[in-house]
Amino acid sequence: MAEKKIGEVILEVNNISLSFGGIKALSDISFNVKEHEIRAIIGPNGAGKSSLLNCINGVYTPQQGAITFRGQTFTHMNSHQVAVMGVARTFQNLALFKGMSVLDNIMSGRNLKIKSNLLMQAIRIGPAEKEEFMHREAVEKIIDFLEIQAYRKTPVGQLPYGLQKRVDLGRALAMEPQVLLLDEPMAGMNVEEKQDMCRFVLDVNDEFGTTVVLIEHDMGVVMDISDRVVVLDYGKKIGDGTPEEVRNNEEVISAYLGTSH
Amino acid sequence: MQTTFPRLLMKHAAERPQAPAMREKEYGIWQAHSWSSMAMLVEHITCGLHLAGLTRNAHMVVIGANRPRLYATMLAAQSLGAIPIPLYQDAVGAECVFPITNADVRLAMVEDQEQVDKLLEIRDRCPDLGTLIYDNPRGLRSYAEPGLRSLDALIEAGRSFAQSQPGFFAAQLALGQPEDVAAMFFTSGTTGNPKGVVHTHSTLIDRAQAGAEFDKLSAQEEVLAYLPPAWIGQNIFSYAQWLCCGYVVNCPEEVSTVTIDLKEVGPTYYFAPPRVFEGLLTSVMIRMEDAGRLKRSLFSFFMDVAKRVGPERMNGKPVGALQNLMYLVGDLLVYGPLRNNLGFSRVRVAYTAGEAIGPDLFTFYRSIGINLKQLYGSTETAVFVCLQPDDQARADTVGVPIRGVEIKVADNGEILVKSAGLLKEYYKNPAATAEVLTADGWYHTSDAGFIDSQGHLKIIDRVKDVGRIQGGANDGAMFAPKYVENKLKFFPFIKEAVAYGDGREKVCVMLNIDFDAVGNWAERRNLPYAGYTDLAQKTEVYQLIKECIEKVNADLSADALLAGSQVSRFLVLHKELDADDGELTRTNKVRRGFIADKYLPLIDALYLGKTAQFIETVVKFEDGRSGSVSATLKIEDANTFAAVKAAA
């Protein structure tokens with residue numbers, strides 16, 4: 001297989017610290033993400049992985065440090081602004097509209113791209129209708145890509161968990177993001193669903209050149225699909241490098257993987 | 001009428017250029033391809049394949065789901081005088097090696113990454129396979145294998161070639177003769193290597209037209225192409241008859257959307273093996289169980305009416321005025337909406353074949369006004385041998401010989417067929433050809449059967465499978481395993497059955513329960529279970545299955561010929577029989593001998609009178625990895641009945 005092209009640094013996290021009262025969730029974390037790569041964040045429970053993602057995403061504001069995205073530096077991000085800049089995310093505990101169809105859920109991901117106003121959309125006049133066709137086509141391409149054609153009209157709440165995760169990914173993709181943040185995309189899945197999800201993540205990365213930052217518990221998955229891995233433990237960064245480097249890092253082995261045999 | 005498939009295409013393109021030839025659902029919308037755009041696509045692929053080195057009489061492999069571009073590629077290969085070989089898209093790599101090497105295939109056109117991976121995996125065993133063309137580029141961007149190229153690029157190259165040499169395509173078409181080989185179909189082969197069944201344009205077209213005449217098919221039909229293109233039946237319904245009649249073939253969006261697409265298309269001409277009809281009925285019944293009380297009672301009341309009146313009405317017999325009125329009310333309230341829900345509102349002719357169909361299942365569809373009929377034929381006979389006329393549809397026969405067919409029953413009970421649609425030969429296998437196609441022109445079907453008093457053909461079993469019981473109370477009695485298995489499988493709770501008894505003193509069976517049906521049954525009885533293996537071994541489930549077997553025994557005891565085939569002992573297997581594990585053929589028929597070898601300890605336990613037996617089995621997952629399942633299986637006895645002496 002031909003090597004894929006990994007570009008320049010697109011996202012940089014500099015000396016971030018975050019605490020909730022007396023609990024230090026993150027202390028002095030720095031790492032970067034390069035364009036087109038798959039970057040994994042791993043660590044034991046409570047290591048601060050989701051907090052880190054929430055800082056990048058603008059849900060939390062770190063007390064110290066800054067985040068640089070495409071050369072622009074921010075001390076705090078706000079989630080709307082992050083989305084406008086082209087960062088999309090999925091959630092560990094799915095945040096889908098359970099009563100709405102798969103199609104409508106993914107369509108909601110197009111929200112930022114829709115230009116006509118609420119009233120025009122409601123009565124579907126001229127440009128609004130044309131625009132809807134355009135967005136529907138984009139959504140259909142995602143449905144095709146994620147192979148969920150059979151569930152287009154099914155309310156999301158009726159779908160099995162593995163498929164809901166796929167819809168969640170679909171909604172994030174609908175934003176046509178440059179950076180995709182995935183919070184435990186394979187959690188709670190069986191082996192087959194995990195394999196499917198891995199393939200979709202790799203395909204997103206390959207077909208659209210989307211940069212992927214993912215949190216994952218499954219070591220096999222992480223080592224197989226990511227280009228570089230950051231390891232957190234108790235809010236501190238204890239390792240950073242290729243899967244191979246991380247696997248041989250003494251500190252990581254004792255903190256996360258257990259002692260080697 | 002003497003013609004070839006590519007010429008038929010050009011005829012439609014000239015006569016009705018803008019009429020739709022195929023539709024494909026893509027991005028949620030049905031996209032139509034007109035006959036003229038289809039013809040242009042075929043011309044470009046033809047030129048592209050010519051540039052890629054495909055020559056007259058060479059073979060090429062096509063693997064993929066039903067897509068307009070797949071059928072266009074087959075037409076293009078035929079336009080060049082080459083021979084397309086469709087292979088099953090769910091066959092594992094190893095199964096493709098034999099056809100590819102046997103037919104010296106150098107070029108393959110496949111649908112997507114999955115199929116490309118499959119062929120790359122076996123490439124070292126197929127050294128001649130130089131060119132791989134793929135339709136869908138998804139995931140293949142970074143592949144750098146030699147000879148791998150996209151269909152888009154091939155079409156593009158073909159387009160510029162066609163512009164520079166505008167007469168090339170027409171000249172190639174003119175070279176094609178009706179007696180040329182049109183396609184080769186590999187039979188699934190219950191034993192040994194598969195055999196390549198060679199058909200010419202004239203054999204396929206002759207049968208396709210005979211079938212079309214029989215049912216008065218026109219260009220107005222709508223067909224849904226959802227069965228594997230490698231199967232000759234699919235080829236006849238969505239290719240040969242498509243080109244003969246000029247109707248519209250609709251390609252579903254995905255395998256998983258077939259039931260949705262069926263409703264949207266509303267086909268007028270439909271084919272499905274019995275298991276598809278069974279699956280649809282099971283899903284209706286399961287949903288009915290969960291419906292409200294009013295709906296349930298309406299359903300059961302009007303289904304009783306339908307059972308009494310429906311089949312008679314379908315067969316054109318008079319029914320009383322009151323009965324007729326009741327049926328019409330039922331049609332308004334139940335049958336019509338049900339047909340609509342199943343996607344059968346517009347069905348004019350529906351066929352089932354390949355396996356015996358249960359009488360209840362068959363009657364159900366006829367009673368709600370669907371013209372379901374049976375046919376008889378095989379790959380070797382280009383499908384159409386016997387068909388049932390609209391007013392003579394019956395569950396236990398397969399119809400009357402149609403135009404151009406002669407039928408004879410040999411002394412050993414074997415059905416012999418003569419028609420213009422017989423295979424030319426088995427490819428590179430004169431010994432096998434001589435075995436089935438004798439010098440006097442008869443094709444030996446290896447099916448045992450007879451022609452009944454109304455001129456309908458009735459099939460009992462494969463000639464070689466009909467055995468004898470040896471020893472015990474029924475010494476010397478006839479044993480027809482498939483007949484017994486089919487009777488068992490007619491129960492919705494039993495998915496598969498394998499019967500043994502030839503050369504033994506009694507009949508024993510191994511079963512698969514239907515996980516959906518039995519699972520639902522168990523849930524309604526608050527019977528908890530962890531999975532298939534657990535459910536299969538429940539005492540209650542054994543009791544349920546035992547009742548089914550005893551009903552079959554009672555039924556068999558009424559048949560003087562087959563009373564000795566009653567089932568004495570049975571067990572429910574711990575895993576579902578699967579084609580990936582070699583237990584079923586790709587067309588889902590049980591491979592009795594293979595299963596007997598694989599589960600030898602179980603067979604021994606059945607005949608030694610044990611009440612339980614431990615077994616461990618290796619299973620293959622869809623991704624090619626394997627694991628194992630083990631369980632201790634219960635074995636139980638079933639009551640048999642004394643043979644009822646025929647009164648007359």
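Analyst: **The sheets, helices and domains of chain B**

Strand S5 (residues 107–110) and strand S6 (residues 131–134) of chain B run in the parallel sense and are paired over 4 bridges. The model is predicted, so local features are given at a pLDDT of at least 70 and side-chain atom pairs at 80 or more, while totals for chains, interfaces and linings use all residues. Residues are numbered from 1 along each chain as its sequence is written, and chains are lettered from A, with ligands numbered from 1, in the order in which they are written.

Two strands pair if DSSP finds at least two bridges between them, and the element names follow DSSP runs, numbered from the N terminus, with helices (H or I) of at least four residues and strands (E) of at least two. Within this pair, B:Leu107 has B:Thr131 of S6(B) opposite it. Both strands belong to an open sheet of 5 strands in chain B, arranged in the order S4-S3-S5-S6-S7 with parallel pairing. From one strand to the next the twist averages 25 degrees, where axes are lines fitted to C-alpha atoms, for helices over the stretch in contact, and angles between N-to-C directions run from 0 to 180 degrees. Helix H6 (residues 151–164) of chain B packs on this sheet, touching S5, S6 and S7 of chain B, and its direction makes about 70 degrees with that of S7(B). Touching here rests on contact, which is counted when the C-beta atoms of two residues, placed from the backbone, lie within 7 Å.

Chain B also has an open sheet of 4 strands in the order S24-S25-S26-S29, with mixed pairing. Its edge strands, each pairing on one side only, are strand S24 (494–500) and strand S29 (636–637) of chain B. Strand S25 (residues 507–513) and strand S26 (residues 567–572) of chain B run parallel and are joined by 5 bridges, with B:Leu571 in S26(B) as the bridge partner of B:Met510. Helix H16 (residues 481–489) of chain B lies across S24, S25 and S26 of chain B at about 155 degrees to S24(B), while helix H19 (residues 539–557) of chain B lies across S24, S25, S26 and S29 of chain B at about 150 degrees to S26(B).

Next come two helix pairs. The axes of helix H2 (residues 35–51) and helix H7 (residues 168–175) of chain B come within 10 Å and cross at roughly 85 degrees. H2(B) and H7(B) are therefore roughly perpendicular to each other, on a scale that takes angles under 35 degrees as roughly parallel, over 145 as roughly antiparallel, 65 to 115 as roughly perpendicular and the rest as oblique. In this pair B:Glu43, B:Thr46 and B:Cys47 of H2(B) meet B:Phe168, B:Phe169 and B:Gln172 of H7(B).

H11(B) passes H17(B) in a left-handed crossing (the near helix is turned anticlockwise from the far one by less than a right angle; clockwise would be right-handed). B:Thr282, B:Ile286 and B:Glu289 of H11(B) make this contact with B:Asp516, B:Ala517 and B:Asn520 of H17(B).

Finally, the domains. Chain B is assigned domain 1 (5–263), domain 2 (274–463) and domain 3 (466–637), with bounds that come from an automatic or database domain assignment. The C-alpha centres of domain 1 and domain 2 of chain B lie 29 Å apart, and their contact takes 26 residues from domain 1 and 22 residues from domain 2 of chain B. On the side of domain 1 of chain B that touches domain 2, the elements giving two or more residues are strand S8 (181–186), strand S9 (196–200), helix H8 (201–214), helix H9 (232–245) and helix H10 (258–265) of chain B, and H8(B) has the largest share of that side, 8 residues. The residues of this side of domain 1 of chain B divide into 12 nonpolar, 8 polar and 6 charged, where Ala, Val, Leu, Ile, Met, Phe, Trp, Tyr, Cys and Pro count as nonpolar, Asp, Glu, Lys and Arg as charged, and the others, Gly among them, as polar.
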